Amino acid sequence: MTRYREICSELAGRIRAGELPAGSELPGIRELASRFSTTASTVSRAQRALADAGVIVTSDRRRARVAPDGLVAARRFLHAELVFRLAGSDDPALDAVTRSLGRAVQPVGAEGSFGGLRAVRQGRADGAAVHLLHHSGVYNAPYARGLLRGWRPHLIRLWRREQGLLVPPGNPHGLRTAADLAGLRVAKRRHGSGTRVLFDRLLLSADLNPDAVAGPETGSHLETALFVASGVVDAGLGVRSVARDLDLDFVPLVAEDYDVVLGGAALDAAAPLLAALHDTAVRTMITELGGYDATDSGTVHELGP
């Protein structure tokens, strides 16, 4: 049993360290058996365990090879006991993905993109889901570089998503842009959320004072949709998927990058989330919600020291 675990840990550790990149061959069964002073059957058992975990792929006629997503799978295999504390922005697809991961991802009670970044900076969270457009025209990365300097900041791409106006069926006010919101009652997300930042920016671009637009504040995309569906407000800014859930009409305004910001030390804990984002069934579930593009989901971008 000790040798079996040692073999699994060594091979997964070498893959995690980059010594064995995707597609590379593992040492032969006889070589590993000699190295660990054990039997070929014990080595075969270890390789079956790694194959079941998605770390390697095996073949009857060839040596085992590192799987295409072997790095992510190796992290998950080696650090199954870790919990990834995730703060930040509200998103229906992210809620669905994290629920499927159980205790591997623990939501942290920090509202909005700015609150999530603050939670990471203060050590209360390992990562933050954000969708913040920088004045440079780039989403998320400038905030990660600035706030996590010295932490080896990274971005994990979740997906691109549509945000737009949630309106009653038939769009009775004929809304097409943010400029059409003048004089209407509009649900607004709370300050500190990325959607509130986007909403205010859209209003300012339309020469409207955000403070002059009347309406209640909401805590989530779903709550905004409920306010529209119940007739409390004429419109609200939110993601397309909640419009579909409540049979509302949707007026698309922007497509935005939705990412997780984290330091390099948190990548191991994020492995279950990364593995889920690479799963075809999970990507299909995300896109079927409506308004999501999961083409690049699970890609990891290192942003600097």
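This is a predicted model: local features need pLDDT of at least 70, side-chain atom pairs count only at pLDDT 80 or more; totals for chains, interfaces and linings use all residues.

Reader: OK, let's start with Val130. Where is it?
Author: Val130 sits in strand β5, residues 127-130, where helices (H or I, at least four residues) and strands (E, at least two) are DSSP runs numbered from the N terminus.

Reader: And is Val130 buried or exposed?
Author: Val130 counts as buried because its relative accessibility is 1%; buried means under 20% relative accessible area, exposed over 50%, and partly exposed in between, with a 1.4 Å probe and protein chains only.

Reader: Which residues is Val130 in contact with, leaving aside its neighbours within four places in sequence?
Author: With those neighbours left aside, Val130 is in contact with Ser89, Ser113, Leu117, Asn140, Asp257, Tyr258, Asp259 and Val261, contact meaning heavy atoms within 4.5 Å.

Reader: You mentioned Asn140; what is its phi?
Author: Asn140 has a positive phi of about 70 degrees, although Asn140 is not a glycine. Asn140 is in the loop between β5 and α7, and counts as buried because its relative accessibility is 0%.

Reader: What about Arg152, where is that and what is its phi?
Author: Arg152 is in the loop between α7 and β6, and has a positive phi of about 55 degrees without being a glycine. With a relative accessible area of 39%, Arg152 is partly exposed.

Reader: And Gly150, how far is that from Pro305 in space?
Author: From C-alpha to C-alpha, Gly150 and Pro305 are 5.5 Å apart, although 155 residues apart in sequence. Gly150 lies in the loop between α7 (141-147) and β6 (153-167), and counts as exposed because its relative accessibility is 60%.

Reader: Switching topic: which residues in the largest nonpolar core touch the most other members?
Author: Phe84 and Trp159 do, out of the 39 residues in that core; a nonpolar core is a set of buried Ala, Val, Leu, Ile, Met, Phe, Trp, Tyr and Cys residues joined through side-chain atoms within 4.5 Å. Among the elements that each supply at least two residues of this core are β3 (84-88), β6, β10 (249-263) and α11 (271-278), and the largest share, five residues, comes from α11. Apart from this core lies another, of 22 residues, including Tyr4, Ala46, Ile56 and Ala73.

Reader: Why would such side chains be buried together?
Author: As a general matter, nonpolar side chains tend to be buried together in soluble globular proteins.

Reader: How many salt bridges are there?
Author: A search of the whole structure finds 15, a salt bridge being a side-chain nitrogen of Lys or Arg within 4 Å of a carboxyl oxygen of Asp or Glu.

Reader: What do Asp268 and Arg16 tie together?
Author: The side chains of Asp268 and Arg16 meet in a salt bridge, at 2.6 Å from N to O. Asp268 lies in the loop between β10 and α11 and Arg16 in helix α1 (residues 2-16), so this pair ties together parts that are 252 residues apart in sequence. Asp268 counts as buried at 10% relative accessibility, whereas Arg16 counts as partly exposed at 34%.

Reader: Last one: how do α1 and α4 cross?
Author: The axes of α1 and helix α4 (residues 70-78) come within 8 Å and cross at roughly 135 degrees, where axes are lines fitted to C-alpha atoms, for helices over the stretch in contact, and angles run from 0 to 180 degrees between N-to-C directions. That makes α1 oblique to α4, because angles under 35 degrees count as roughly parallel, over 145 as roughly antiparallel, 65 to 115 as roughly perpendicular and the rest as oblique.

Reader: Which residues meet there?
Author: Cys8, Ser9, Ala12, Gly13, Ile15 and Arg16 in α1 meet Gly70, Leu71, Ala74, Arg75, Phe77 and Leu78 in α4.

Terms used:
Residues are numbered from 1 along each chain as its sequence is written. Side-chain values use heavy atoms; hydrogens and water are left out.
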